[in-house]
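User: Hi! I am new to protein structures and would like to learn how to read one. Could you walk me through it, feature by feature?

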Amino acid sequence: MKKFRKVLDGLTTSSPGVTLGSPSCGSAAGTPTAVPTPKDIDIQETLLSENFQLCKTVRHGFPYQPTALAFDPVQKILAIGSRSGGVRILGGPGVDCYCQHESGAAVLQLQFLINEGALVTACADDTLHLWNLRQRRPAVLHSLKFNRERITFCHLPFQSKWLYVGTERGNTHIVNIESFILSGYVIMWNKAIELSTKTHPGPVVHLSDSPKDEGKLLIGFESGTIVQWDLRVKKADFRIYYDEAIHSVSWHHEGKQFMCSHSDGSLTLWNLRNTSKPFQVTFPHGKIQKDGRKESCKPILKVEYKTLRSSEPFVIFSGGLSYDKAGRRPTLTIMHGKAITVLEMDYPIVEFMVLCETPYINEVQEPYAVVVLLEKDLIVVDLTQSNFPVFENPYPMDVHESPVTCTAYFADCPPDIIPILYSIGAKHKKTGYSQKEWPITGGTWTLGSHTYPEIIITGHADGSVKFWDASAITLQMLYKLKTSKVFEKPKLGEGRAAELVEEDPFAVQMVSWCPQSRIFCVVGISAHIILYRFSKNDANTQIVSLEVRLQCEPEEIITPSEHENNPCFSEPGSHSPQPHHQYPVSPGSRTPESAKDSVPCLKVKERVVRVPPGYQSDLVIQLLWVDGEPPQQITSLDINSAYGLLAFGNCNGLAVVDYLQKAVLLCMSTLDLYGATDPYQRLTRSPRRNRQSTSGLTELTDNQQSVDMERSKSPTSDHVNGHCTSPISQSCSAGKPRIPMGPEGPRLSRRGPGRPPFRKAQSAACMEISLPVSHTEESRENSFSRSRSSSVSSIDRDTKEAITTLQFGESYGRKSDALPTPCLWVGTSLGVVQLIPMSIPTDQEERMEEPVTIGPSGAVQMLKGSVLRFGFMDYMGTVIQSPYEVWRDLNAPEDPDRPRRRKLVNFSPSSSQDACGEGHLAVVCSERQAKVFLMPSQSCLFVHNITESSFVLRADVVSVCNSVCLACFCANGHVMTLSLPSLRPLMDVNYLPLTDMRIARTFCFTNGGQALYLSSPTEIQRITYSQEMCDNLQEMLGELFTPIETPEAQNRGFLKGFFGGNAQTFDREELFGEAAAGKASRSLAQHIPGQGGMEGMKVAAGGVVGELARARIALDERGQRLGELEDRTALMMTSAETFSKHAHELMLKCKDKKWYQF
């Protein structure tokens, strides 16, 4: 520690030092006064490269663009295939697995090997895959690629190892599931149909074996031809030629009749006794018109024909509605006896499947539910109740209920926050669900030992915000907040909000949450901020609003002022929460539309509203239209509950709001924040100006003007008749009286390239990234290939300097400060970092009455690229948290014995290091660089150039393995971690190429070595970069397969078995094996061995408990069978002895008799 104190003393000298990083920082304008070598810093860095490994953990949400569905009736697990080649396997709570085909080809069909722990997938690239589900992370065991034919339909009979594969050419091939090799047995289309048929029957659309005889295969062709093929004698039993195309076929369990759905909206029932014509033809939704003809109907895409013991059979189908009823939603029709129930769906039906009690197709099916896979939802209907209610879905399938526009991830939250949010949210749950348990209950999952409270927050296009419990790699919605309830509904065709963002004016752009104080802040696309406080009690409240005029015209500034450049402060009025100050507008900017300025985009409710328990709006801040231009979208936000302050910025400037006093403290352009210390010297209009390079550190030392300005209080004397008397014309102001708008909207033609129009709020899937710098459209498109801010040459781009990040905290505003004070760290899109110190009254009464003193500092630091993140560490290497206020319920009943007072928790840098001296380390990360500064000397200790060819999108100081590091996600898909404070590279993985803006907009890091992003518009992908979590992942995931004894088939009885035929005598091995059928052509299909065998060996240790349980059950079964065999053997021996005795007696009796005596 003495060595470290010596180093700190040496920093005040001017001796040269060495930085850890690229030598390019040496050419920067301004160098550190003294930089110690890394070995002199006495912080023990414990993180090594071995502590990091990147892998996916779990995926939440609804499978994007689903294509296929399958269910294992014994294991009770569900599989969903998607267009991108993904397979999602769902079971009971915590059993949620995602698999991805390497090819990315769409999944056409899924087939479970029932109760075998395996799944067959057929993909659009004509490849079959066999997945092993007996391991926590399924893997492909075998693949079979068809070269000459396209796969259209697959069928795997229960307890069979032979898979039937129908193709587009009309042929049916047979695959051995165990070896994944084609059999030589092929049913060619020209053999299946009659020789006299002149046309091709079309692709195979259906394959199924007869419930009556497994040796009979029913083949359905698209054209309407149906063939029952006798597999033993290799010929057709019968052929049906129907006029309408076939979409699906379903058997009656007795095997004597089957039902077909057709393209004309009809259902045909066929009896095997007479296949010349259908036994019954029905048009369920086709009514007879006045002229006697039936209505034309849409195709019935699928039908299921299921029987019950106690009542009439179920006929369930999708589609079939009449064409003339336009605008009707997709339907699922349930026919039960004479009753017809039509269930309307919110989205088109992709697939449905009826869940039955038995896996045997030749038994009474007893259906109890139907799973309906929609384009954007998954529902399960209860068939056991007459009103067919829907089961409550336990999976988080409604992440995309409204398109996700932003995300936030909080690990290691206070343990009490999740139960409180759940109890509030449970009061608003929907009712009317089925009272029965969710039927998909397969797999097993146990709560791992490495769990802690985690919360994910998603913001949506409709203005809603959802809080999710993400603990233990699960996801469950806790609470939903609708921010649109704060505003009046915008009337269509009225006002500028209706003209520009009429579809999604409330879309959430950004959220900021303090879990300790439970204060929540939402930034909306209409340039508005809503501050919420949490309360367990309902209340009647008047929504308080502040209107801020944050629009700047720096082009009008001709020469810099020689006098003190005071910022324009608002006077925090005690009566009205809205500061009313008028500021002059330059004459050149006045237009006939200027009379319609100073209106917000949305109208806040002015009446008293009753708010339920939960998050209740405390303050609404709105940016105003200025000079016919809409307010620029807010690019950064930070809130601090201990200070009672909220800061936000955009490409025009910065504003600081005191939300306790409901007053605007600071509202000024980015240019005015610098005063005379502007690193780009933009106050002159000369096109030729020598600017200092932004490639390194620029040390702009304190000057007397900025020092004097820092502690200046709100200059109430400088406001004369509502005008700011600052020497510089201030076009960036705190507020202005609202002027009524005329009936006509604004003219959008005045919008220049520097002022992008309000775009309608879209999902994060199609939103462009919030670029810190406001460019033209061309530069936005090309911004992923070059730096956006390392070389800025035009005045327009210089003046459009956006505030990209803000951070409140205890720090040192000046080098001479001995003690830390509340400060606001400001980062801009040009790589500038500025400190703004504040003076906040500490007494509670004074805090509510006295104004907060705030003034920009003259000290400026610079980095390459837009500043993204700040972090603070003490001299022990521990992260310094921002101070916060302990939560208190403002709406709780008053207790005279315990008055409600503010309780603050402060993490001062000097609180834990009295022996180490005063000060702390500040970590600053930009798009290109990371730097560590020593405070209060503001010297750069370490610098690291993160990337030259790309730029950083997201960065955060996070805790991993009881230490801290800087985590970065780059636009080229690299995920990196750097040690702190030395900025030593620990991990660099080329993880995910940035294919769209959705990932860039939603990617976020959190503590514990975790991160998440929106992998599709409907799914959240969580990843980890911690080796420890990767090692424990097997323990955290659920088991998909559990050893369950296959239910025994029902005893069919002697007469049924005798007259109905015995299906058990059919031996497929004799017909399809290589000995009988020979080998298939090698050119027809190619076998590809998978990696599942090796992976299965790797996870064998993890699944040893399951294997032992399975072995125990097998031994028990074997012992039981051996006992039965022993009993049978004893019975046979007794019978044999009795028979021998009777035979001996009969022999003795007949021994001496002559032949004629018989």
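Analyst: Happy to! Let us begin with pairing: two strands pair if DSSP finds at least two bridges between them. Helices (H or I, at least four residues) and strands (E, at least two) are DSSP runs, numbered from the N terminus. The model is predicted, so local features need pLDDT of at least 70 and side-chain atom pairs count only at pLDDT 80 or more, while totals for chains, interfaces and linings use all residues. Residues are numbered from 1 along each chain as its sequence is written, and side-chain values use heavy atoms, with hydrogens and water left out.

User: What is the bridge partner of Phe71 in E3?

Analyst: The partner is Leu78. The two strands here are E2 (residues 66-72) and E3, which pair in the antiparallel sense over six bridges. They form a hairpin with four residues between them, and Lys76 in that turn has a positive phi of about 60°.

User: Which strand does E3 join through four bridges?

Analyst: That is E4, and E3 and E4 run antiparallel. In E4, Arg88 is the bridge partner of Ile80. This hairpin has three residues between its strands, with Gly85 in the turn at a positive phi of about 90°. Strand E4 (residues 86-90) also pairs with strand E5 (residues 96-100), in the antiparallel sense over five bridges. There, Arg88 has Tyr98 as its bridge partner in E5. E4 and E5 form a hairpin with five residues between them, and Gly94 in the turn has a positive phi of about 85°.

User: How many of the residues of strand E3 are buried?

Analyst: First the general idea: in a regular strand the side chains alternate between the two faces of the sheet. Buried means under 20% relative accessible area, exposed means over 50%, and partly exposed is in between (1.4 Å probe, protein chains only). In strand E3 (residues 77-82), six of the six residues are buried, so the strand is largely enclosed by the rest of the structure. Both faces are covered: Ile77, Ala79 and Gly81 are buried on one side, and Leu78, Ile80 and Ser82 on the other.

User: How do I read a whole sheet? In what order do the strands stand in the open sheet with E1?

Analyst: The order is E1-E63-E62-E61, four strands with antiparallel pairing. Its edge strands, E1 (52-61) and E61 (1004-1006), each pair on one side only. For angles, axes are lines fitted to C-alpha atoms, for helices over the stretch in contact, and angles run from 0 to 180 degrees between N-to-C directions. The twist of this sheet averages 25° from one strand to the next. Helix H11 (residues 1027-1036) packs on the sheet, touching E1, strand E62 (1010-1016) and E63, and its direction makes about 50° with that of E1. Contact here means heavy atoms within 4.5 Å. E1 and strand E63 (residues 1019-1026) pair in the antiparallel sense over seven bridges, and Lys56 stands opposite Ile1023 in E63.

User: Which order do the strands take in the open sheet with E57?

Analyst: Here the order is E57-E58-E59-E60, again four antiparallel strands. Strand E57 (952-960) and strand E60 (985-990) are the edge strands, each pairing on one side only. The twist averages 15° from one strand to the next. Eight bridges join E57 to strand E58 (residues 963-970), and Val960 has Ser963 as its bridge partner.

User: What should I look for in the backbone?

Analyst: Most residues other than glycine have a negative phi, and most peptide bonds are trans. Gln159, not a glycine, has a positive phi of about 60°, and it lies in the loop between strand E10 (151-155) and strand E11 (162-167). Ala472 is also not a glycine and has a positive phi of about 55°. Its place is in the loop between strand E31 (464-469) and strand E32 (476-482).

User: Is Ala472 buried or exposed? And what about Gln159?

Analyst: Ala472 is buried, with a relative accessible area of 7%, whereas Gln159 counts as exposed at 58%.
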